[in-house]
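Here are my notes on this model, as numbered points. Please read them next to the sequence and the coordinates.

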Amino acid sequence: LEAAMFKKAATVAFKSETRLRGKETKRLREAVAACFGGDEVAAALLPAKAEIILRKVGGGSSATFYFVDGECFFVQLGRELEDGLLPTLQALWGAGPLAHAMLPSVLIQRPVAKF
């Protein structure tokens, strides 16, 4: 028995739905690898036999959602993959120990962090 995270499910009106095939899936894998730390992360999030569905939002927005096996893994706010992808919580959970590569980080040199 799974507990719901929110009391009320959010509804989004999608204007189109497209299932990604070979060339488009490869392009998405390359974009995920470029944005989130390499081929290892892309392979963990986008398995070879996964069903990947692209859903676009209507209403003047250019947001695109990528669903992998029924779970929303990425949100794209621009019109092109090069505009960048944002991982969802589901994607971070799906990446497991590789999730640290998907989040922004800052390195602080030792003398700066003196306590």
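Which element gives the largest share of the lining of the second largest pocket? Point 4 has the reply.

1. Basis. This is a predicted model: local features need pLDDT of at least 70, side-chain atom pairs count only at pLDDT 80 or more, and totals for chains, interfaces and linings use all residues. Residues are numbered from 1 along each chain as its sequence is written, and side-chain values use heavy atoms, with hydrogens and water left out.

2. Overall make-up. The protein chain has 3 helices and 5 strands. These are DSSP runs numbered from the N terminus: helices are H or I of at least four residues, strands E of at least two. The order from the N terminus is β-α-α-β-β-β-β-α. Of 115 residues, 33% count as buried, that is, under 20% relative accessible area with a 1.4 Å probe, protein chains only.

3. Sheet. The 5 strands form an open sheet in the order β1-β2-β3-β4-β5, with antiparallel pairing. β1 (14–19) and β5 (86–87) are at the edges with a single partner strand each, so one side of each has no neighbour in the sheet. Pairing requires at least two DSSP bridges between two strands. β2 and β3 are joined by 5 bridges in the antiparallel sense. Ile53 has Phe67 in β3 as its bridge partner.

4. Second largest pocket. Its space is about 260 Å³. Of its 14 lining residues, Leu20, Arg27, Leu54, Tyr66 and Leu81 are the closest to the centre. The largest share of the lining, 4 residues, comes from α1. α1 (22–35), β2 (52–57) and β3 (64–68) each supply at least two lining residues. A pocket here is an open set of points on a 1 Å grid over the protein atoms alone, where a 1.4 Å probe fits, with protein on both sides within 12 Å along at least five of seven lines; lining residues have an atom within 4 Å of a point.

5. Glu71. This residue is found in strand β4 (residues 71–76). Is Glu71 buried or partly exposed? Glu71 counts as partly exposed because its relative accessibility is 37%, and that class lies between 20% and 50%. Leaving out residues up to four places away in sequence, Glu71 touches Tyr66 and Gln90; contact means heavy atoms within 4.5 Å. Glu71 and Ala91 are 20 residues apart in sequence, with 8.5 Å between their C-alpha atoms.

Key: Points joined across faces, edges and corners; volume = space filled by probe spheres on them.
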